[in-house]
Amino acid sequence: MPRKQYQERLEELREDVLYMSEIVAERLRMGMDALEAKDEELAQRVIDEDAEVNQLYLDLEQDCVDLLALQQPVAGDLRFIAASFKIITDLERIGDLATNLGGYTLQAERDVFPDVDVQRIGEATLEMLDDAMTAYAEEDADACYAVAEADDDVDALCEDASSAVVRELLEREGVDAEDVDELMTDVSRLLLTVRDLERVGDHAVNIAARTLYMVENDDELIY
C-alpha cells in the first residue's frame, strides 16, 4: 500500500474511533436521561441499540488488524494503532454500562434515595469521556493528565453517594419486615448504578492513558 494511502487510512481510523465515541456518549446520555425520568421507552431503546456499538467495535477491530498486517507499522504509527484498538475496547465497555442503566430503569419503580445525586456523577463521567476523546483527537498529553486527575473527583462523588445510602439505611425507622426485601433490591440497584458510573470514569482514564502512550511513548498512566 502506498505511504500516502496508508496515512489516509490511519486518519480514517482516528475519525471512526471519534465517531464511535460520539455514539457511546449519546447512549450514556440516553441511559442517564431514562434513569432520571424513569422513561421505559428510552431505556429500552438504549438496550436495543447496543448492537450498533458492538458492530462498530468489531468493524474497527478489523480495521486495526488490517492496518497492522498491510504495512507493518513502526514507532508512532504502531503506537497509534495499538492505542486506538485499546480505546475502542474501552468505548465498547462504556456502551455496555450505558445498557446497564437502561436495565436499571426498567427495574426501578420508585425513588427511595432522592438525596443521592446520580445525575451529578453521570455528568462528571460524561465530561471525563469527552475530555479523554478530545485528548485523543488533538494528541494532547496535558489533557490526559487532567482526565486522570478528574477521576479522583468522580471517585469521591461515588464514595459520598454510597455512604449516603448506608447512612440513610441506618437512620431509617419503621420499615416493615415485608418491605425489607424490596428495599434491599432498591439499594442494590442504586449501588450498582453508582458503581457502573464509576467504571465509566475508569474507562475514560484508560483512554487518556493509551492516548498519552500514543503521543509520548509514556506508560505512566497505564499502571
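Tutor: An axis here is a line fitted to C-alpha atoms, for helices over the stretch in contact, and angles run from 0 to 180 degrees between N-to-C directions. The model is predicted, so that local features need pLDDT of at least 70 and side-chain atom pairs count only at pLDDT 80 or more, while totals for chains, interfaces and linings use all residues. Residues are numbered from 1 along each chain as its sequence is written, and side-chain values use heavy atoms, with hydrogens and water left out.

The protein has seven helices and zero strands, both taken as DSSP runs numbered from the N terminus (helices H or I, at least four residues; strands E, at least two). Its C-alpha trace spans about 75 × 35 × 20 Å along the principal axes.

Consider α1 (residues 3–37) and α3 (residues 50–71): their axes lie 11 Å apart, at an angle of about 160°. The two helices are therefore roughly antiparallel, a label for angles over 145 degrees, where under 35 is roughly parallel, 65 to 115 roughly perpendicular and the rest oblique. The crossing of α1 and α3 is left-handed, meaning that the near helix is turned anticlockwise from the far one by less than a right angle, clockwise being right-handed. Among the α1 residues that meet α3 are Tyr 6, Leu 10, Leu 13, Val 17 and Met 20, and the α3 side includes Val 53, Leu 56, Leu 60 and Leu 67; contact means heavy atoms within 4.5 Å. By class, this contact divides into 15 nonpolar, one polar and seven charged residues. Nonpolar covers Ala, Val, Leu, Ile, Met, Phe, Trp, Tyr, Cys and Pro; charged covers Asp, Glu, Lys and Arg; the others, Gly among them, are polar.

Helix α4 (residues 75–107) packs against both of these helices. The axes of α1 and α4 come within 9 Å and cross at roughly 15°, which makes the two roughly parallel. Their crossing is left-handed, and the contact holds 19 nonpolar, six polar and five charged residues. Between α3 and α4 the axes are 10 Å apart at an angle of about 170°, and these helices are therefore roughly antiparallel. In that contact, Val 53, Tyr 57, Leu 60 and Leu 67 are among the α3 residues, and Ile 81, Phe 85, Ile 88 and Gly 95 among those of α4. The classes there are 10 nonpolar, four polar and four charged.
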